[in-house]
Amino acid sequence: MLRTMLSCLAATLLASAAAAQGSGSPTLDAVRARGQLACGVSGTNPGFALADSRGEMRGSEADFCRAVAAATLGDAGRVKFVVLTSTNRFTALQSGEIDLLVRTATWSLGREASLGLLFAGITFHDGTAFMVHAASGVRSAAELDGATICILPGTTTELAVTDYFRRGGMRFTPVLIDNVTELRAAFRSGRCDSYSSDASALASFRFGEGAGAGQYALLPEVISKEPLGPLVRKGDDKWFDIVRWTHFAMLAAEELGIRGADAEAALASPNPDIRRLLGVDGDLGRAMGLDNRWAFNILRQVGNYAEVWDRNIAPLGVPRGHNRIWTQGGLQYAPPIR
């Protein structure tokens with residue numbers, strides 16, 4: 001316990017010293033001066049971002065925010081979670097209300113070209129899907145011709161569903177409600193025949209229904225690619241690097257077999273890849289304006305990618321699929337950390 005406290009204190013002092021000199025990143029300097037990362041999340045989705053009974057934000061989105069705080073401030077607890085909707089999430093980042101947006105958002109050309117924001121990688125490979133009332137007897141999206149469909153406005157789901165029905169020569173009536181709680185209530189009440197969103201969001205909704213989950217059926221079709229990832233403002237390249245390599249560090253740790261509980265012991269590893277990742281050798285952290293133990297802090301305080309998945313996503317019943325690391329046949333891949 002004493003070693004952990006001293007380590008956190010040392011990381012904080014190093015961060016303060018770096019802030020006094022300036023890091024070359026306006027966002028990083030602001031985070032350090034404030035002593036806190038302002039991170040935008042959904043706040044409504046079990047497994048992604050939802051406050052527990054003690055008011056603590058839990059989920060994979062929340063854990064990624066904590067990982068960036070661990071990398072930059074040496075303390076994963078120094079996060080201010082800002083709950084955002086699908087319509088105000090981008091504005092909050094553009095205006096500087098938040099430093100980082102981790103609320104489920106799809107990487108697309110239109111968004112990256114027009115919003116003044118950059119996607120810092122793909123932390124979750126997803127796709128648009130449909131949910132129906134089990135009692136309806138509907139077993140395929142091809143049976144939804146003429147259906148009313150609940151959709152959050154301002155999301156890529158709108159376009160994906162429109163394109164799907166157009167390709168199939170079918171019709172549908174969208175029910176657009178900006179508040180996700182109200183949208184789900186409309187679906188529960190039967191106002192909508194179907195509820196469409198990312199497959200993971202639908203699984204999260206059904207999981208949150210507890211004993212009533214059996215009332216809803218997730219249809220088998222996934223009709224679009226929805227690569228989800230964190231966003232930062234354009235023009236701050238060093239901050240972009242930090243956020244992107246936070247994700248890569250968590251993937252690399254999984255590939256190297258390092259779990260959070262193993263991080264301390266792994267410092268003595270002779271493996272050069274592990275030694276560079278954990279900051280024992282090299283100056284990779286300082287190259288980003290961070291302490292060389294930035295990735296060690298992430299792993300010790302938050303864990304690797306698999307740990308975050310197992311803690312938050314696996315209980316939803318969502319198969320890891322494309323989100324497995326490349327050595328296991330998935331699409332998650334970290335460039336060399338050297």
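Predicted model: local features only at pLDDT ≥ 70, side-chain atom pairs only at ≥ 80, totals over all residues.
Local features require pLDDT of at least 70 and side-chain atom pairs count only at pLDDT 80 or more, whereas totals for chains, interfaces and linings use all residues. Residues are numbered from 1 along each chain as its sequence is written, and side-chain values use heavy atoms, with hydrogens and water left out.

According to an unreviewed UniProt entry, residues 36-262 carry the annotation "domain: Solute-binding protein family 3/N-terminal"; such annotations may be inferred rather than shown by experiment. Over residues 36-262 the chain is 34% helix and 23% strand, and the end C-alpha atoms lie 27 Å apart. Helices (H or I, at least four residues) and strands (E, at least two) are DSSP runs, numbered from the N terminus.

Two packed helices are described by the angle between their axes and the distance between the axes. Helix 3 (residues 60-73) packs with helix 13 (residues 294-301) at an angle of about 140 degrees, the axes being 8 Å apart. Axes are lines fitted to C-alpha atoms over the stretch in contact, and angles run from 0 to 180 degrees between N-to-C directions. The two helices are therefore oblique to each other (angles under 35 degrees count as roughly parallel, over 145 as roughly antiparallel, 65 to 115 as roughly perpendicular and the rest as oblique). Helix 3 contributes Ala67, Ala70 and Ala71 to the contact (heavy atoms within 4.5 Å), and helix 13 contributes Trp294, Asn297, Ile298 and Gln301.

Arg320 lies in the segment after helix 14 (305-312). Arg320 is buried, with a relative accessible area of 10% (buried means under 20%, exposed over 50% and partly exposed in between, with a 1.4 Å probe and protein chains only). Not counting residues up to four places away in sequence, Arg320 touches Glu254, Tyr305, Ala306, Trp309 and Ile325.
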